[in-house]
Amino acid sequence: MTAQAAVDVVALGESMVTFLPARPGRLADVPSFDRGIGGAESNVACALAAAGHSARWVSRVGADGFGDHLVETIARYGVDTSAVGRDPHRPTGIYFRTADDRDADAHEVVYYRAGSAASAMSPGSVDEDALTSGRILHLSGITPALSADCLDLVRHLCARSADRGPLVSFDVNHRPGLWKGAAAGPDVLLDLARGADLVFVGEDEAAAAWGVTGGPDAVRAALPEPATLVVKQGSRGATVFEHGADPVFQAALRVDVVAPVGAGDAFAAGFLSATLRGLPAAHRLRHGHLMAAAALTVPGDLAHPPTRHPTAAPQGAASRHPYSLAHADRLAALDDAAWETLRLGPGWTERVPEDTEAEEEVRTP
């Protein structure tokens, strides 16, 4: 293991090859599938890299063709994959899903990830220097559900200490199916979240995992420790709590949804991007909503994010991602009335003439 260059964000977690149906229907009836990639943490890394930030993905994949595909695809987004280990004895995880909404009764998803290379991650099998080389370390509640070793690793990274280095971001990502046979899963997630600096959790997740109802304030009462807590409230919006400040709410955008997948990861990426740039709470939430809208208006989990004005881009980002105009900052700066009139549809993140007003770019009749 060699010293790793500093980056903006390091994301740790399993990514899998995803097989997306060529048409709607039961898995038993779909005749062919298109190959993609899926992984909460790598999704965040890809979105941040596409937005111009330096990002590193840390994981393990099999020494197989699917592992090659994952590493090569994620690297094409501009993500540093040098700390991804290759396991000659365990396969890369894969999964199949239907085209239906994840919350729909007809939705099916079948995972082939038991015994995967990523499930063997442990404190001794990943590059500690790579994990601590970012300004932010992003984790999720999926990784600790994969194995006892993965749980040990995430517990180690979420343990509070005066010198742990990067800000620890934790997306609860409660997936009950991954915790089958582990009744303590919700308690584990709560304990891990309490050790993080920045936590993302859905209002519905808090109710399902911890029985917490009563809105964002009740979630904050259950999670007072994180310096920043973001409570996602579905189509209504999201609320951010920070120590020493009043809570801030921002309404979600109206979106013509193409596929309801990847929005949560994209929201986290948008919020983290704005956090890296030191933007105020309301703008961090708005950038989360904008990035989520980018994901919702494409078929797969990943989309090119809304572009930013070149003067606001991180140093070196312009050469890696030569967008001619970035309008996300202008959209985030709209007044409340204008923000609430926006309706975003497919293609809204594409480049537009520089003299086009933000309101005209995205508003539909």
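Helix α1 (residues 40-50) is mostly covered, with 11 of its 11 residues buried; buried means under 20% relative accessible area, exposed over 50%, and partly exposed in between (1.4 Å probe, protein chains only). This is a predicted model: local features need pLDDT of at least 70, side-chain atom pairs count only at pLDDT 80 or more, and totals for chains, interfaces and linings use all residues. Residues are numbered from 1 along each chain as its sequence is written, and side-chain values use heavy atoms, with hydrogens and water left out. Helices (H or I, at least four residues) and strands (E, at least two) are DSSP runs, numbered from the N terminus.

**Helix α1**
- Its buried residues include Glu 41, Ser 42, Asn 43 and Cys 46.
- Gly 52 follows α1 and has a positive phi, near 105°.

**Helix α8**
- Helix α8 (residues 263-276) has 14 residues.
- From first C-alpha to last, α8 reaches 20 Å, close to the 20 Å expected at 1.5 Å a residue; the expected span is 1.5 Å times one less than the number of residues.
- α8 is mostly covered, as 11 of its 14 residues are buried.
- Among them are Asp 265, Phe 267, Phe 271 and Leu 276.

**Thr 143**
- Thr 143 sits in the loop between β9 (134-140) and α4 (148-158).
- Thr 143 is buried, at a relative accessible area of 1%.
- Leaving out residues up to four places away in sequence, Thr 143 touches Leu 12, Gly 13, Glu 14, Glu 41, Met 121, Cys 150 and Val 154; contact means heavy atoms within 4.5 Å.
- Thr 143 and Val 154 lie 11 residues apart in sequence and 7.4 Å apart in space, C-alpha to C-alpha.
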